[in-house]
Amino acid sequence: MTITPDFSAASTAVTAAVAGYLLLGEPFAGRRMYGSLARRRDTEPRALVRYFGVLLAAWWALAALAVAALLLSPGAVAADFGLALPERPVYVVIALIVVGTVAVVSSRNFHDLARRGKNVPGLAPIAAMLPRTPEERRLAVAVAVTDGLCSELVYRGLLIAFGVGALGLDLYAAAALSVLAYTVAGWYQGRQGLLVFAVFGTVLAGLYLASGSLLLPVVVHVILSVRDLTLPAPTTLRAAPSA
C-alpha cells in the first residue's frame, strides 16, 4: 500500500484539531460520559437513548471533519484516505467469510451464556451500553454501524494520511500513531479497555494496510460491534465505574 496525500494548510489545521481531540479530549470525555451513564442506567429509563444520541452526533461530526480535510486538500485523492476498492478482492472476501463465521458462532455462544446467567467475556466493561428495549436495540445497531464506518474513516483513513502527508512519517509509523489514538479511546472501559482497543486497533490498521482500502476494516468493525452491542443486558448493573 502506498499513499501520497498532500495536505493544504486548512486541511492540516482541521486534522490537527481532530487529532488533538482524539488524543487528549476523547479519553476523558468518553470516560466521563460512560461513568454518568452507568450511574443513571437503572434509574433513568431513557439514559441509554440519550447516550446513544450523543455518540451518533459526535461520530458523524468527526466523519464530516474527515471529509472536509479531504475536500480542503486539492493534492489529496480519496484513495489516500482509504476510500478505494481493495487491492486483492479475493483475500478480502475470504477474510470477511472467516470473520462473519466467527462472529455468528461467538454471538450464539455469548447469548447462550447470558441467558444462563453465566459470565460473558468482555461484557462487564460495556454492560451499561447493552440494550433492554426494542428502541434501545435499534439505536445500538445504528451506533454499531456508525462506529464501524466513522471510526475507520477517522482513525485509519484520516490519521494515517495525516501522519504521512502532514507529519512526514513512514506509513507504518503513521499507522502506529493511529493505533495509539484509538487505544486511549478505550480508557472509558478501564485498563482492560486500553488493552482491547490496542489489539483491535492494531488488527484493523493491519487489515487496512494489507488491503489498501477501508472496506475490510469497516465491515469487520461493524460485524463485531453489532455482535457486542446486541448482547442481552444484565437486569441491573453491579457497580458504576468511577468517572
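Residues are numbered from 1 along each chain as its sequence is written, and side-chain values use heavy atoms, with hydrogens and water left out. As the model is predicted, local features need pLDDT of at least 70 and side-chain atom pairs count only at pLDDT 80 or more, whereas totals for chains, interfaces and linings use all residues.

Helices here are DSSP runs (H or I, at least four residues), numbered from the N terminus. Helix α5 covers residues 171–184, 14 residues in total, and reaches 21 Å from its first C-alpha to its last, close to the 20 Å expected at 1.5 Å a residue. The expected span of a helix is 1.5 Å times one less than its number of residues.

The buried residues of α5 are L171, A174, A175, S178, V179, A181, Y182 and T183. Buried means under 20% relative accessible area, exposed over 50%, and partly exposed in between (1.4 Å probe, protein chains only). These buried residues of α5 pack against α1 (9–40), α4 (134–165), α6 (190–211) and α7 (215–229).

Helix α3 (residues 89–115) has 27 residues, which should span 39 Å at 1.5 Å a residue; its end C-alpha atoms are 38 Å apart, which agrees. Its buried residues are V92, A103, S106, S107, F110, H111 and L113, and they pack against α6 and α7. After α3 comes G117, whose phi is positive, near 75°.

## Individual residues

Contact means heavy atoms within 4.5 Å; not counting residues up to four places away in sequence, S178 touches Y155, R156, L159 and I160. A174 is also placed in α5 and counts as buried at 0% relative accessibility. With residues up to four places away in sequence not counted, A174 touches I160, G163, V164 and L169. The C-alpha atoms of A174 and L159 are 7.3 Å apart in space, and the two residues are 15 apart in sequence.

In helix α4 is E136, which is buried, with a relative accessible area of 3%. Leaving aside neighbours within four places in sequence, E136 is in contact with R41, P45, L48, V49, F52 and P131.

S225 belongs to helix α7 and is buried, with a relative accessible area of 11%. Beyond its neighbours within four places in sequence, S225 is in contact with A144 and D147. The side chains of S225 and D147 are joined by a polar contact of 3.5 Å. A polar contact is a pair of N or O atoms within 3.5 Å; within protein, one must be able to donate a hydrogen and the other to accept it, and residues adjacent in sequence count only if both atoms are side-chain atoms.

P232, in the segment after α7, is partly exposed, with a relative accessible area of 30%. P232 touches H111, A114 and L130, not counting residues up to four places away in sequence.

| Pair | Separation in sequence | C-alpha to C-alpha distance |
|---|---|---|
| P232 and P74 | 158 residues | 47 Å |
| S225 and A103 | 122 residues | 9.8 Å |
| G82 and R156 | 74 residues | 7.9 Å |

## The largest pocket

The largest pocket has a volume of about 930 Å³. Of the 38 residues that line this pocket, I126, D147, Y188, Q189 and F197 are the closest to its centre. On a 1 Å grid over the protein atoms alone, a pocket is an open set of points where a 1.4 Å probe fits, with protein on both sides within 12 Å along at least five of seven lines; lining residues have an atom within 4 Å of a point. The volume is the space filled by probe spheres set on the points, which are joined across faces, edges and corners.

At least two lining residues come from each of α1, α2 (47–71), α4, α6 and α7. By class, the lining has 27 nonpolar, seven polar and four charged residues. Ala, Val, Leu, Ile, Met, Phe, Trp, Tyr, Cys and Pro count as nonpolar, Asp, Glu, Lys and Arg as charged, and the others, Gly among them, as polar.
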